[in-house]
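Please open the model in a viewer and keep the selection tool at hand.

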Amino acid sequence: MTKTTAGHRLEIFYRDAELDTRGLLLQDKLNSLGLSAVVEEVRLSEVYTLEGDFSQARLKEVAGLLLNPVVHDCLIDEARSLGTAEVVLEVGFLPGVTDNIAHSAAETLADAWGTPLAVDQGIYSSTIYYIQVANLTTEDRRLIGRILANALIQRLDWKDRSSYVADKGMDCIIPRVRLEVGKKISLVDLKISEAELIALGKEGIIDHCDEQGNIIRRGPLALDLPSLAAIADYFATLEQRQPTDLELEALAQTWSEHCKHTIFAAAIDDLEEGLYKTYIKGATKKIRQERGAEDICVSVFVDNSGAIIFDDEYLVTDKVETHNSPSALDPFGGSITGIVGVNRDTVGFGLGARPIINRYGFCVADPRDYEPLYRSPGGGNQALRPRRILDGIVDGVRVGGNCSGIPTTQGFLTFHPGYKGKPLVFVGTVGLIPRKTESGRLSHEKAARPGDYIVVLGGRVGLDGIHGATFSSEALTGGSPATAVQIGDPITQKKFSDAIVKEARQRNLYSSITDNGAGGISCSVAEMARECNGCRVDLEKVPVKYPGMAPWEIWISESQERMTLAVPPEKWPELEALLSNRGVEATVIGEFTDSGRCQVSYQGEMVMDMELEFLHNGQPVKYLSTRVRPSVENEVVLPALTELPLAELFTKMFKRLNLASHAYVSTQYDFEVQGGSVLKPQVGRNQIDGFATVVQPLPESSKGVALSQSLYPAVSDLDTYAAAVTAIDTAVRNLLAVGTPLSQIALLDNFCWCSSDDPERLWQLKECARACYETAVCYGTPFISGKDSMYNDFSGYDGQDQALTISVPPTILISSIGVMPDISSLRSFAFVKPGDLIYLLGSGGSDLGGSEYLSLLREESLVDAGAWGRVPRFDPGALLPLYRSLQKWIAAGLFRSLYPLAQGGLALAVGKGSMAEGLGCALKIPASERADLLLFNEYPGRFLVSLAPEIGAKLEKEFADNSCTRLGRVQADEEIIISQNGEISLQTTVSSLLTAYRSTFAGF
Amino acid sequence: MAQPKVLLLTGYGINCEEETAYAFQACGAQTAIVHVNDLIAAPKQLSDYQIFVVPGGFSYGDDTGSGNALANKMRHTLWPELMAFVAADHLVLGICNGFQVLVNLGLLPGDTDNSFGARRVALIANSTARYECRWVNLLAAETDSVFLRGVSSLSLPVAHGEGRFYAPAETLSELKQRRQIALRYADSEKRPARGFFPANPNGSLDDIAALCAAQGRIFGLRPHPERAFRSSHMPDWPERLALAPDSDWREPGPGRVIFENAVNYFS
């Protein structure tokens, strides 16, 4: 970082302290950190640092463009009066980190002056916090710093009152990236010892030696010995030379777990074809064959998203990604990059689908857990705390989703101690695309042709994201590269996304398109090259953010917000003009060929020249074997019902992290934009979290897109097969409940596993995948897309410097998407009319393994700490008759409300049904049932329904074979009364339940 | 003129142009969505239209203050044409981020001498310091707003991070006097929200949610009327269906009247 005076500082702040909302709220937040001192006041300033010489008149002009004169004051090259502040903290970005505010400011200056800033000029944003607090300790500063900045991407500069006054304010710091220019390509010798090869694979190519003579490597290639041997053999025999560093880096990207899903593709035990082909693709293939003409799939497992039929004219696409490792290091950057990245999987589907709905899902540890974790021994490199991670990932999806104008309707929060070392961040996007373009092309088909230009568009390439793909294939340790962290730029992406899906696609200006994700252009160009069998790239033509990048860095950089297109030369002038007019940078970097080779040159020198076939298929086949993991299931000895405080436990269930209101998240996400929202994230006048959402994407069509998802990590701890069956059943049942026919539902799988080299974990994975196959085939609901993330483990140290590993529970997330023929068949779970009858459809059991209730009993010491119980096991096929009958009743509009039972069981369904519109209920528990088991067991396959009293008898008759239990009626007031054998088992009110339900996240 | 022509701006992060255009079309207008750079390249085309709309969205990502960067761009490139447009008997509508653009351009509220261009009020970060997406109740104030004819109250969604209305005391009293306050946030009983969250979702001074100027022909509002255009948009729609399964999702929602009023102004 260069400290210099060749710059100017513009400091903008609210004239009236009352309007400085962020400062006011920050004061409370800082005082909640447990500092040794009390913070009396915080005031903020926004700073723009201008690099270069500017006249005073020019600076005043800049200030006028960037401030709001109604509320702001501005100082130019002048320190703000400290007032009563005792310490000052400035937070700015480190060199090379995406600075969106500065980017917009630079555009504003360019708009006003009619010319962009010169190459030796620049603008950078930062924030100053003026804190009134007496005697801040070093530890206090550390705590504050951790809240206000992330040292991986930001600088923190502290000054106390005296040095601020002596220095006349904060320093003028210009975070320009300065790299040594002239880095060359090098050859890598693979004829080295096995130990050297292992080091090469795990830690990367040797870059240089530092002054102490230590070898500095470039970061993990994540290539194992068999892979390195195959590479050595290929270059020795077929190319008869050593590979270049760029070739090795490119192979590492292409063969990474992240890109090739080596574990899912590997032969495993007796499954020669591997888990993915056998169980996931296998399920879809079988379902499609069985469905024949009724098949809803159009493009599955071949493109950036999967697509099903919406109607005669449109397809809907869906894709769910994870962004776990980056989110552990920088939660905001990780999640915004994730959501904006998965949007590109929509824009990159077929010839370009339009993103119409975002999904999200965050798995974290208890945000009230303050026990520290460290990545390095001796208390070094502290991991972010669960609360900080949660706040950051919530923010990232908010900024990414809202700025992109895509409604973020569907999502969830899940809490489990196993997510403490590494959170899981799921992000998904649904798209809409006409089945044919205006020129009559099928829009889901695309192919680059020899002679087409290779065009990259969007953001420029920097060092950010180098080694992202290989990094997520390794467990998180102290050596994880900070360059894996980056920040998304949703507006840059919005500009090209609109230009592509609203203009260029219909004008037929390109032959193929794909997203630049993991591996950057090394993966996107090489992937598209398969469509025509070759490519040739001039690497120096790739637009870069700053000079000095090595060729291999340009080739594999994962800088975001970029797409790669194949453009016929005759279409290029028109496309270039369109994009330029829409503020999108686009550059020809080479052409597609039919040479069978991937050829890359840099300033005339060939830096990569190898067979596409080897690049894509040269990786040795892995053989994996598994070993049965012993079950920890056991019998639970429950206290007698009379010894349990049932009413109290009932209320406590609604406060549990997994069951309490998460509305503070969903109301930060714009779920209304694009004007299609029908079933919203919250239900009823009391805004109770729903389990599914519905969007009407076309304003003149009564069709809807229904979305839901399900996961049972606590069940996975005991039985991954059961976790998958239950998750699929729940995800499907949730859509049935809002009016989607079974035949119109498709699924997406996301496996987030741990320690995937361990044969027992692999056995759990295999069991889980087998359950996916069997259940999906049983329901006839095909998988259309999926993604896996295999190494979600944290290795580090606890507060006592004891080494520990925290692995996520093996997590299978099932997302469901369905096409509703008519949104008028939609019902919510709200009880709407006093006197309506309430029924439970379907039957459960008494096993509590993996349930919220058993966790509660353990936490309350009402059962043994080691009481895990047995998970609910059931035959999904046996549920189908109920689902088919239900579907008919829903289509006929006979129900007033439906709630598909899931976590929290019947209790949650009853409570939420009551709370939504404030109408209580009076229910009788059958004499044969133990009250708590009936209320809280989590057996799937069941629904709580309410309906008009006059059709109760008809329901009982038609559902007689499907276990139909009449529980009671909806009340005219807010009383919730549950009784058994004439005695009240528990009694509460909607108001007190609402208070409990909203209390857990009240301060978030 | 029976069928007015509506120009809706797009580009640089504007994102509500299509649903807003649909709302105008469904009420009988002709619409054109025009990229801001295409309008700048041929600004005279503005005179072909009778209604100019700055839709909602995130122009320039809200960086440097929401609506600020786009307003700067328009001020530098389109000002004479905008003044000519306003001087004619035309309508201007700014929704959400578009309202901010109009405020930052000085088209709202305008000056006491009926001139435009000065920034006199501000929409700043919500008092919760958080983006809020929720449905709110609104009361129409005493105005001449063309867009709110016949409206006394309505329910619409808001979705913004910077919607807190602020004006210096003298400006506020002048706005009241000149009948320029168009909508105020209210509670579910249609009483003024009096600043309380969540009825007033952002801490707006005097619960102000919308302004108008030029005899009610220029209108800017924080909530999104295009997102409350039909029954199926309404948050209580599923419960309404439960009680009346034959309800038609095409029935008008409360936001529709704003577009109808605009179109009918030219009939």
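Begin by selecting Cys772(A): beyond its neighbours within four places in sequence, Cys772(A) is in contact with Tyr279(A), Ile280(A), Ala283(A), Ala724(A), Ile728(A) and Asp749(A). Contact here means that C-beta atoms, placed from the backbone, lie within 7 Å.

This is a predicted model, in which local features need pLDDT of at least 70 and side-chain atom pairs count only at pLDDT 80 or more, while totals for chains, interfaces and linings use all residues. Residues are numbered from 1 along each chain as its sequence is written, and chains are lettered from A and ligands numbered from 1 in the order in which they are written.

Then display the open, mixed sheet of chain A, whose 7 strands run in the order E39-E41-E38-E42-E40-E43-E44. Strands are DSSP runs (E, at least two residues) and helices are runs of H or I (at least four), numbered from the N terminus; two strands pair if DSSP finds at least two bridges between them. Within this sheet, select E38 (837–841) and E42 (964–970) of chain A, an antiparallel pair with 5 bridges. Leu837(A) faces Arg969(A) of E42(A).

Finally, select the interface, where 52 residues of chain B are in contact with 58 residues of chain A. On the chain B side, H6(B) supplies the largest share, 6 residues.

Technical notes:
Two residues are in contact if their C-beta atoms, placed from the backbone, lie within 7 Å.
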